[in-house]
Each structure stands twice: as structure tokens, then as C-alpha cells.
Amino acid sequence: MSKKGKGKVHDLESLLEDYKAYLSQHQLKMTNQRKVIISEFVRSGGHLSAEELFRVVKKKAAGVGLASVYRTINSLVEAGLAVERRFLDRTSVYELEDPGHHHDHLICMRCRKIFEFENEPIEELQRKVAEGLGFTLKDHKLELYGWCQRPACPNL
């Protein structure tokens, strides 16, 4: 999978190939419903709940049910192709996984908008802290909560 710059453009074909391999290992088949769900998930750019994804998908394929969206998104997580996140102790949202590439999140507590950022000095500091405490760092996340300054944000 590839990401390009801000906004994360994923290679849908590569993702579908990885997912087909996962399905094959579990004696499952790629269906048209799964393709539509995954295509819309990739197109969305992430941080989408299953319910939000369902609302988008049903406009493209009326026969797709909410249960199918949940099963597909959960299987993407199981396959290591997507990540489940919970911000502000809310509903799960999902984003595509990109091994070897890390970003963190700023979350507005008013409008709930999620901003992604990358900062190598912060990453290096986290590695040094873990190393100094005798940890071998395998994974981590940084979530910063506050209020954005966007004009569209309510209660400014």
C-alpha cells in the first residue's frame, strides 16, 4: 500500500490484492459488496465509523447492509490492513494501516474534527524515552485533545 503526502492516497488495487490473500487464507471470497465497501473506505480517507461508511456505501450499492459493512471493516482490521481507533471515548472509527509509516492525531473537542500530523522530533523523543526505560517499542499512539481554530468550528 502506498500513501502520498497529505490526505493519504492509497493504492486500491494493492489493498484489494492483500485483502484477497487474507480472504483466501480464511476460505472466503471477494464479493462485489466487499469491493464497494473497501473502495468507499479508501476513498473516504479514514477516520470513518462503520455507520458513516454504511451511509456512503448504500448510495452506491443499495443492497449492502450495515452488517456487511461491519464484517468487512472488521476483517480489514483482522487482516492488518486497517486500524480501529476510539477518540474521545466515542464510537470506533477506522483508518487504513500503513506499516512503517506513523502519524499522530489532534482531536477537536468541540467539532470532533481529527487532524493527522507527523513530527520526527516527537517520534525520536518517544523512542529515547522507551529505550531509557528498557522498553523495546513495538507500537504507540499520541492523541492530543483541544479546540481547533477553524472558522467552521462551532462555539468560537
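Start with the whole chain and its contacts (heavy atoms within 4.5 Å). Of the contacts with a separation of 6 or more, 50% are between residues 24 or more positions apart. This is a predicted model, in which local features need pLDDT of at least 70 and side-chain atom pairs count only at pLDDT 80 or more, while totals for chains, interfaces and linings use all residues. Residues are numbered from 1 along each chain as its sequence is written, and side-chain values use heavy atoms, with hydrogens and water left out.

Next, colour by burial. Buried residues make up 35% of the 156 residues; buried means under 20% relative accessible area, exposed over 50%, and partly exposed in between, with a 1.4 Å probe and protein chains only.

Switch to a cartoon view. There are 5 helices and 5 strands, where helices (H or I, at least four residues) and strands (E, at least two) are DSSP runs numbered from the N terminus. From that end, the order is α-α-α-α-β-β-β-β-α-β.

Select residues 12–25, helix α1, and residues 32–44, helix α2. Their axes lie 11 Å apart, and the helices pack at an angle of about 135°. Axes here are lines fitted to C-alpha atoms, for helices over the stretch in contact, and angles run from 0 to 180 degrees between N-to-C directions. α1 and α2 are therefore oblique to each other: under 35 degrees counts as roughly parallel, over 145 as roughly antiparallel, 65 to 115 as roughly perpendicular, and the rest as oblique.

Leu12, Leu15, Leu16, Tyr19 and Leu23 of α1 meet Arg34, Ile38, Ser39 and Val42 of α2. By class, the contact of α1 with α2 has 7 nonpolar, 1 polar and 1 charged residues. Ala, Val, Leu, Ile, Met, Phe, Trp, Tyr, Cys and Pro count as nonpolar, Asp, Glu, Lys and Arg as charged, and the others, Gly among them, as polar.

The axes of α2 and α3 come within 10 Å and cross at roughly 120°. α2 passes α3 in a right-handed crossing. On the α2 side the contact is made by Val36, Ile37, Glu40 and Phe41, and on the α3 side by Leu53, Val56, Val57 and Lys60. These divide into 6 nonpolar, no polar and 2 charged residues.

Now select α3 (residues 50–60) with α4 (residues 66–78), which pack at about 120° with axes 9 Å apart. That angle makes α3 oblique to α4. Ala50, Glu51, Leu53 and Phe54 in α3 meet Leu66, Val69, Tyr70 and Ile73 in α4. The residues of this contact are 7 nonpolar, no polar and 1 charged.

Finish at His105, in strand β3 (residues 104–108). Is His105 buried or exposed? At 2% relative accessibility, it counts as buried. Its side chain makes a polar contact with the side chain of Glu95 at 3.4 Å, and another of 3.2 Å joins the side chains of His105 and His103. A polar contact is a pair of N or O atoms within 3.5 Å; within protein, one must be able to donate a hydrogen and the other to accept it, and residues adjacent in sequence count only if both atoms are side-chain atoms. Not counting residues up to four places away in sequence, His105 touches several others, including His47, Arg85, Phe117 and Leu144.

Notes: Left-handed = near helix turned anticlockwise from the far one by under 90°.
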